[in-house]
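Please read them alongside the sequence and the coordinates.

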Amino acid sequence: MSLAHANNAAKFIANEERTNWHDDTLWFIRSKRDNAAASLPEWEQLREIASTIKAHTLDHLETYLIEFEANATKNGVQIHWANDALEHNAIVLNILNATNIKQMVKSKSMLTEECHLNQYLQANGIQVVDTDLGERIVQLRNEIPSHIVLPAIHLKKQDVSETFHQHLQSQKDNNDPTYLTRVAREHLREHFFASKVALTGVNFAVASTGSIVVCTNEGNADLGVHTADIHIASMGIEKLIPKPEHLSTFLRLLARSATGQPITTYSSHFTKPQAGKQMHVIIVNNKRTEQLAQDDFRSSLKCIRCAACFNTCPVYRRSGGHSYHTAIAGPIGSILSPNIDMKANADLPFASTLCGSCTNVCPVKIDIHNQLWKWRQRIVQEGYDATSKKVAMKGMSVVLGNPKWYRLTGKLGRWMIKYFPSLANNPYLNVWAKQRNMPKVPDASFREWYIKNRKKV
Amino acid sequence: MSAREQILEAVTRANANRNRTALPAFSYTAIQYTDLVAQFTEVLERIGAAVTVVDSLLVVKQWLQALPIGKTSVYIQPNLMYSFDTAYLYQVDVAAMHGTIAVAENGAIWLPESNMGNRMLPFSTQQLVLIIAQQDIVHNMQEAYQYIDTSAQGYGVFIAGPSKTADIEQSLVIGAHGPIAMQVFIIKQVL
């Protein structure tokens, strides 16, 4: 196992001021979420119902996928199926190649990040312009989003100003967020106007009507789609819900959990393409069926990508999204990513304190912290844990399994801290001493104290 | 085996021999408000829209006529076909249209395709004006979905306020890619 998360986090926290800003900002969003949740007396019932609707849908997924396909096809939508990331990317490229169009605008879709679509299309001569403001910022900087709802949360306005000055010729050192947003607005409106193909993600796909629902605040998904001749929507198989009436439950939970808004500005329901235009929906697996087959991890497919678990996580807030080195960071990403590649992501389930706050805020009641713990066990069983951890665990089992060894090492430890505190507090020799001072040691162990004092009673 | 067959087969296999969860009942009362107009107005103002209660549609049309000279404005008659070209749609300053259901809980207004003239117009216009009848304000989203048929038309959208973003240092900026401003007119109930 690599220690990528820990090493990346060490770099992130090197800038203390920025780390504190990141921590406070995300915690502020968490408190906005709490206020929004408290505004509805039925909040807990909504979570329970949302969780059960998702459980029901996953239990009958084969039926709902076929129903969705049939209804969408009836609506004039072209349905495509992709078993993995590469198949998904090839379908997008084929649609573009059939029309000889070389440019595409794209609104937020974490699935396309997961599939590395941008890199694939660029390698095939297609220009992709991300139109969500945060995603455009990270795209211009050649980075990936660090948060699924707030892609550029790791950046300060000075960084954005610098990036826009370099790429969009904005005024140097003008750090006003309104000014910078307007610069992006003008720049992206040109792209909306020029682009004939628009790709969006899917928040919910309704089986009984064949419609898809896309939730945004900026209006970029709709501007892209309605101007273009071809709309491509990419969705994971888990996005389905049975009926439109179920949308009410999810739309009431989604934005409140994500940013504390009562609802996103736009909840767009796409059912049929406009006359003379095309609408394609790509239904993607990419190992979701493997997650579905595992009782321990199946419920992670209920996720509606609100990122409430990111905002509340003490580790995410203090390590930043890029430390997770995957398209989806945070607690939910740490239980989804090992399913895609256990070896490469073996460090992620360990990037948690298992405090359970993620589980408490999850609008669809995924037991995230339990699944993190279960992944740890799987990773150790498969032998993907770090060598340093393996050695330490083996050593500990010898020490804790033998009273003589236990007493001896205890004594040795107390002696070390007492007579060589500088060695014990040296973070290079003792990782436990990183950002911690070792405690004052007692003269005797509890056992020694007990043997001595028992007789006094 | 096609990707479709592979996926459906894998899902079926994963779901075999499983106790299947039933669909839940909506076993609770969704939030109700004593003053629908006040609640709806409060939420919309909080999310950056202006709200005015008026006596009739005539007042809205007068408001449109009184816009400064040089502003391009358009009023969309419900259920009427319009043909606009894309360049024009990007030049509109003010577009007024009728919503069919408004939600007090979150300030959202349902706008079906037949009431927007063109799918792009509610997004390309600089200022969006939505007109709603007072009796069409409902308490919550659950109620709203009972009144709308989401798939009767090709497209429909709930809109709550002007477009916005907080992607730069979490500073709220009203006016991202869609409208920079939004005006809602509530036409008073005629008793």
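**Notes on the predicted model**

1. Glu105(B) and Arg252(A) form a salt bridge, with the closest N and O atoms 2.9 Å apart; the term means a side-chain nitrogen of Lys or Arg within 4 Å of a carboxyl oxygen of Asp or Glu. Arg252(A) also meets the side chain of Glu42(A) in a salt bridge at 2.6 Å, N to O. Glu42(A) sits in the loop between helix 2 (16-38) and helix 3 (43-59) of chain A, and Arg252(A) in helix 12 (residues 245-258) of chain A, 210 residues apart. Helices (H or I, at least four residues) and strands (E, at least two) are DSSP runs numbered from the N terminus.

2. This is a predicted model, in which local features need pLDDT of at least 70 and side-chain atom pairs count only at pLDDT 80 or more, while totals for chains, interfaces and linings use all residues. Residues are numbered from 1 along each chain as its sequence is written, chains are lettered from A and ligands numbered from 1 in the order in which they are written, and side-chain values use heavy atoms, with hydrogens and water left out.

3. Buried means under 20% relative accessible area, exposed over 50%, and partly exposed in between (1.4 Å probe, protein chains only). Salt bridges with shared partners join Glu42(A), Arg252(A), Arg256(A) and Glu105(B) into one network.

4. For contrast in setting, Asp443(A) forms a salt bridge with Lys418(A), the closest N and O atoms being 3.1 Å apart. Asp443(A) lies in the loop between helix 21 (421-424) and helix 22 (446-454) of chain A and Lys418(A) in helix 20 (residues 403-419) of chain A, so the pair ties together parts 25 residues apart in sequence. Asp443(A) is exposed at 66%, and Lys418(A) is partly exposed at 44%.

5. On the interface, 96 residues of chain A are in contact with 73 residues of chain B, contact meaning heavy atoms within 4.5 Å. The two chains bury about 6800 Å² between them, 60% of it on carbon and sulfur atoms; buried area is the accessible area (1.4 Å probe) that two parts lose on being put together, summed over both. In chain A, Arg185(A), Tyr266(A) and His269(A) lose the most area to chain B, together 10% of what that side buries. The rule finds six salt bridges across this interface.

6. Asn311(A), in helix 14 (residues 308-312) of chain A, is buried at 2% relative accessible area. Its side chain makes a polar contact of 2.8 Å with that of His147(A). A polar contact is a pair of N or O atoms within 3.5 Å; within protein, one must be able to donate a hydrogen and the other to accept it, and residues adjacent in sequence count only if both atoms are side-chain atoms. The side chain of Asn311(A) also reaches the backbone oxygen of Ala258(A) at 3.4 Å.

7. Chain A has an open sheet of six strands in the order 1-10-7-4-2-3, with parallel pairing; two strands pair if DSSP finds at least two bridges between them. Strand 1 (78-82) and strand 3 (127-130) of chain A stand at the edges with a single partner strand each, so one side of each is left without a neighbour in the sheet.
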